[in-house]
Each structure stands twice: as C-alpha cells, then as structure tokens.
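Please look over the sequence and the model shown below before turning to the notes.

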Amino acid sequence: MSSSTVSHRDRVLIAAIADEDSITGLLLAGIGHVNDKQKKNFLVVDAKTQVSTIEAAFQDFTQRKDIAILLINQHIAEKIRPTVDRYQQAFPALLEIPSKDHPYDPAKDSILKRVQKLFGDA
C-alpha cells in the first residue's frame with residue numbers, strides 16, 4: 001500500500017464538536033488526542049463560538065484521514081445544517097448526539113432521514 005492510499009484501518013480516532021459538558025465527558029472517556037501538529041480532535045462550542053469556527057472544524061474533521069467517527073451535538077449541527085446535510089461520505093461516520101440541555105430530536109437528524117428514505121419509511 002502506498003503512503004498516499006488511506007485504509008479504513010488508519011482511521012482510529014473519534015472526533016467531537018460539542019458543548020463543554022459533552023466534550024468533558026468524552027475526554028474523560030478517553031477520546032482526546034493532540035497530534036504532532038498540535039491539532040486536537042475536538043471543538044468545545046459555547047455561546048460565543050462563531051458559526052464559521054464550527055464549519056471550519058467540521059470541514060477539518062471530515063477531511064482528516066485518522067478520524068473514523070465524528071460526533072456532533074444535534075443543536076450544534078442545526079447551526080450548520082446545510083453543511084451537515086450535504087455530507088455524504090462513509091468515513092468518518094457522522095453521528096448527531098444529544099446534550100444535557102438539548103434532547104435528541106429524530107426529526108432533525110439528517111442521517112436518520114437518509115436511512116428511513118433508504119428503507120422506505122420516510
């Protein structure tokens with residue numbers, strides 16, 4: 001295998017774009033990673049975080065070849081919904097998760113909508 005070819009086996013990290021409580025829990029569970037270029041695999045989003053920063057992190061995480069899964073709080077995904085809806089790649093897998101203050105709403109989950117459409121449930 002050449003160095004330019006990336007295997008799904010090279011994807012070993014979970015990335016997250018989430019609120020502080022969610023990131024704290026995920027970091028305590030052991031997903032935190034900082035690579036040799038000082039790039040983290042997580043973004044803490046608060047009320048002051050600009051949408052452009054969230055978009056940039058989403059683009060970065062979905063283009064990195066070491067990330068297998070990208071977790072994003074559903075209420076944060078709503079801020080960049082057009083970008084999330086356009087994302088079609090298998091890797092990294094994109095999962096919308098609830099947060100402490102924002103329960104999960106299946107009606108807003110673009111991945112679930114695609115699965116339902118595939119199986120004819122939509």
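Buried means under 20% relative accessible area, exposed over 50%, and partly exposed in between (1.4 Å probe, protein chains only). In a regular strand the side chains alternate between the two faces of the sheet. The model is predicted: local features need pLDDT of at least 70, side-chain atom pairs count only at pLDDT 80 or more, and totals for chains, interfaces and linings use all residues. Residues are numbered from 1 along each chain as its sequence is written, and side-chain values use heavy atoms, with hydrogens and water left out.

**Overall architecture**

- The protein contains five helices and four strands; helices (H or I, at least four residues) and strands (E, at least two) are DSSP runs, numbered from the N terminus.
- Along the sequence, these elements follow the pattern β-α-β-α-β-α-α-β-α.
- The radius of gyration, taken over C-alpha atoms, is 15 Å, close to the 14 Å that the globule rule gives for 122 residues, so the protein is as compact as a globular protein of that length. The globule rule is 2.2 Å times the number of residues to the power 0.38.
- The C-alpha atoms fill a box of roughly 40 × 35 × 25 Å, taken along the principal axes.
- Of the 122 residues, 36% are buried.
- Strands β3 and β4 pair in the parallel sense over five bridges; two strands pair if DSSP finds at least two bridges between them. I72 stands opposite E96 in β4.

**Nonpolar cores**

- The largest nonpolar core has 18 residues, and those with the most contacts inside it are I17, I54, F58, F61, L70, I72 and L94. Such a core is a set of buried Ala, Val, Leu, Ile, Met, Phe, Trp, Tyr and Cys residues joined through side-chain atoms within 4.5 Å.
- At least two residues of this core come from each of β1 (13–18), α2 (51–63), β3 (67–73) and α3 (74–77). Helix α2 supplies the largest share, four residues.
- Leaving aside its neighbours within four places in sequence, I54 is in contact (heavy atoms within 4.5 Å) with I17, L43, V45, T49, I76, K79 and I80.
- A second, separate core of seven residues includes A16, I23, I31 and L71.

**Salt bridges**

- The structure holds six salt bridges, each a side-chain nitrogen of Lys or Arg within 4 Å of a carboxyl oxygen of Asp or Glu.
- D60 forms a salt bridge with K39, and their closest N and O atoms are 2.9 Å apart. D60 lies in helix α2 and K39 in the loop between α1 (20–29) and β2 (42–44), so the pair ties together parts that are 21 residues apart in sequence.
- D60 counts as partly exposed, at 24% relative accessibility, and K39 counts as partly exposed at 33%.
- R81 forms a salt bridge with E96, with the closest N and O atoms 2.7 Å apart. This pair links distant parts of the chain, R81 being in helix α4 (residues 81–86) and E96 in strand β4 (residues 93–97), 15 residues apart.
- Both R81 and E96 are buried, and a network of salt bridges links E78, R81, D85 and E96.
- R64 forms a salt bridge with D66, the closest N and O atoms lying 3.0 Å apart; R64 counts as buried, at 8% relative accessibility.
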